[in-house]
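Biologist: I would like to learn how to read a few features of a model like this one. Could we begin with charged side chains and then move on to helices?

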Amino acid sequence: MYAPAILAAWCSLLLAPVLGAVTWSANPFNPAAVPLAVRSPYLSAWLPQGSGTALNAAWPTFWTGSVLGWAGYVKVDGTTYNWLGVPAVAGTTTTKATQKSLQFTSTQSIFVLTAGPIDLTVTFLSPVEPSDLVNQSLPLSYYAVSAASNDGQSHNVQLYTDISAEWVTGDNSLTANWTTTTGSVLTHQVQLASQSEFSEIGDHIQQGSAYHSTLNTAGATFQTGEDVVVRAQFINNGKLANTQDTAFRAVSDRWPVFAFAHDLGAVGRGATAPVVFSVGHVRDPAIQYIVANNGRQSRSLFFWTRFSTVASAISTFLGDYANALARAKAFDAKVDADANKISADYASIVELSIRQGFGAVETTVGRDGDSFNTSDVLTFMKEISSDGNVNTVDVIFPSWPLFLYTEPKIGKQLLLPLFEYQATGQYPNKWSVHDMGASYPKAVGHNDGKDEPMPVEESGNMLIMTLSYTQKTNDHSIIETYFDLLDQWTQFLITDSLIPANQISTDDFAGSLANQTNLAIKGIVGIKAMAEIAALVGDNARAQNYSTIAASYVSQWQKFATAADGSHLTLSYGDNDSWGLAYNLLADKLLGTNIFPASIFNTQTNWYSSHANAFGVPLDTRHTYTKSDWEIWTAGLVTSTAVRDLLISSVRKYAADGKSSQPLGDWYETSDGSVEGFRARPVVGGHLALLALETQPSAANSNGETQA
């Protein structure tokens, strides 16, 4: 049925021109930006790779694109090679190392560069350990460098790296100060001299400190000072002076840097043990949170429950590198194996998405007096690059598969602030709130009820996510504690989801619209989800009532939403020429509610097979752009393996097209693969939708059996 359209689309994918001037091997591909240190909204360093930029051909950047000074040199038999960043030191002679390869996994980005007779392997590891909340909440990231001779001879090697004060602010005219501590660990700590709690400039937090650390092994030296002075010291001497610059000044005033050098001695054919460094950004408190009676609570990152000082956390973190790497490799292998059961293209998309998804969330703990209350654990998500909101429901929702697959309790902890806040009665609307606060990290609610209005969207999202979490874990705590709130949102959906009023959905950039077919799907699945929730708590009468309503709505919806010729669902009722990605059908499949007939899934599969552009199926007929998360969600609901693979490979083609140098953007143009503006958003967690389906118990008997 689908063969001609699929063949044409695959030819488009195979014949697309290869962009850029990449001179190294890349596995699985060269992404627009390579994650280097991505652990939180404020520890988010990337290589803007574009169509072919080596590790030493650009400065690393914050997710916004602002520069993060991060430089690296290696001295081999007296010749200095640059391996990281693009430092320039007048009056010195250096050579660029040559990048040989790039590989990324779910947790690592690994570069191999040739510095004359030496090969350097540089591993950037951002751990993903959601089942260990201490490790996951540590805002620290590793990078490790090992060297090996490539000519069979022994060579004398020294290694250097530094970071700048750009890591602590979005305004380089502000004054920073710094200290260096020595002992078994060498640590540079740098921060703004004047701090502002819970405040951002250019999406950088203006609070806390950046940390650059390494073990104080034999041959290790350190130095702080002006960039060109410190770098010249290493270039000329192969070591640093163990001195500290105490002339505190603006970040851009003689650019202070915080450097380490390690003397590796004679390096032969076998790779040296890795020299391990860590970078981090730590603040306390981390989140301002609204409680009853418009009160405010300051919350700390969860790692403080184990560590009393940052120094102890860093020491443990550095000492754990070998074990952390082993755990990361095991996680990477599992993800790769699971995703490759679908396709290699799918695995590559998933692997690029995981660090980005977790890089937007922070897990916190509350206090009982002077002690941490480890039963009070809440997770917060920044809506990176779009609104900067806190725990936006329709950003958590597309991200949800990431948490279902890796650790559902993180999903629960993301939902809890929304439940807790609305249970206080401070939010005045009868539908679910849109987010927990307009500006991260201030989760201060919307007591005026004037949050961005997405009433059907957010109410449906909350019900769907709550049921899927409960099904996955058999933990009934949310549905029992917040049953009345869930029922309140269901009552609203009963009034407004079959024929949705003119409103925006999660795709708010596309504009508001009445009678949205896909939005109605979400509302109806939400009602059915509440029927399942009611059954789980033993309220069988309510369960039967809501099931009957949902079934009735589906029957009526089919008449409203189907084009006159029966070939597809419309974008909005009655507009026969309109259509869009009906990605909310995936919720029916994920939950196993089976409220929508299999014929609907088959109809949409057939339609999408013949309506793909070069880089995928458009989001809807108002524009030719799409969203990568919804493309993959749609891949999870179609009933043809060929159409599924077309959608997946279109997203992979976009992710590898070299037309952008920003962290993966989820909103892009299907005609030419150009990015539309979003970057680094956690919604790429939605790329794990097919993995979530494979591991969700309720999905086993759902609609839409995949066929060839």
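Biologist: Which residue forms a salt bridge with Glu362, and how far apart are the closest N and O atoms?

Modeller: In general, side chains of opposite charge can pair when their charged atoms come close. In this predicted model, Glu362 forms a salt bridge with Arg283, and the closest N and O atoms are 2.7 Å apart. Glu362 belongs to strand β24 (residues 361-368), whereas Arg283 sits in the loop between β21 (275-282) and β22 (287-291), so the pair ties together parts that are 79 residues apart in sequence. Both Glu362 and Arg283 are buried.

Biologist: How many salt bridges does the structure hold, and which residues do shared partners join into one network?

Modeller: The structure holds 26 salt bridges. One of them links the side chains of Arg681 and Glu383, at 3.9 Å from N to O. Arg681 lies in the loop between β28 (667-669) and α18 (689-695), and Glu383 in the loop between β25 (371-381) and α7 (393-406), so this pair ties together parts that are 298 residues apart in sequence. Arg681 has a relative accessible area of 7% and is therefore buried, since the cut-off for that word is under 20%; Glu383 is likewise buried, with a value of 7%. A further salt bridge joins Asp666 to Lys627, with the closest N and O atoms 2.9 Å apart, and these two residues are buried as well. Salt bridges that share partners connect Glu383, Lys627, Asp629, Asp666 and Arg681 in one network.

Biologist: Is Gln604 buried or exposed, and what lies 2.8 Å from a polar atom of its side chain?

Modeller: Gln604, which lies in helix α15 (residues 598-609), is buried, with a relative accessible area of 0%. A polar atom of the Gln604 side chain lies 2.8 Å from the backbone nitrogen of Leu569. Leaving aside neighbours within four places in sequence, Gln604 is in contact with His568, Leu569, Gly580 and Ala582.

Biologist: At roughly what angle do the axes of helices α5 and α6 cross, and which residues meet there?

Modeller: Two packed helices are described by the angle between their axes and the distance between the axes. Here the axes of α5 (residues 321-340) and α6 (residues 344-358) come within 8 Å and cross at roughly 140°, and the crossing is right-handed. On the α5 side, Phe331, Val335, Asp336, Ala339 and Asn340 meet Ala344, Tyr346, Ala347, Val350, Glu351 and Ile354 of α6. The residues of this contact comprise eight nonpolar, one polar and two charged.

Conventions: Residues numbered from 1 in each chain as written. Predicted model: local features only at pLDDT ≥ 70, side-chain atom pairs only at ≥ 80, totals over all residues. Heavy atoms only, no water. Axes fitted to C-alpha atoms, helices over the stretch in contact; angles between N-to-C directions. Helix = DSSP H or I, 4+ residues; strand = E, 2+ residues; numbered from the N terminus. Left-handed = near helix turned anticlockwise from the far one by under 90°. Contact = heavy atoms within 4.5 Å. Nonpolar A, V, L, I, M, F, W, Y, C, P; charged D, E, K, R; others polar. Buried < 20%, exposed > 50% of the residue type's maximum accessible area, 1.4 Å probe, protein only. Polar contact = N/O pair within 3.5 Å; in protein donor to acceptor, adjacent residues only side chain to side chain. Salt bridge = Lys/Arg side-chain N within 4 Å of Asp/Glu carboxyl O.
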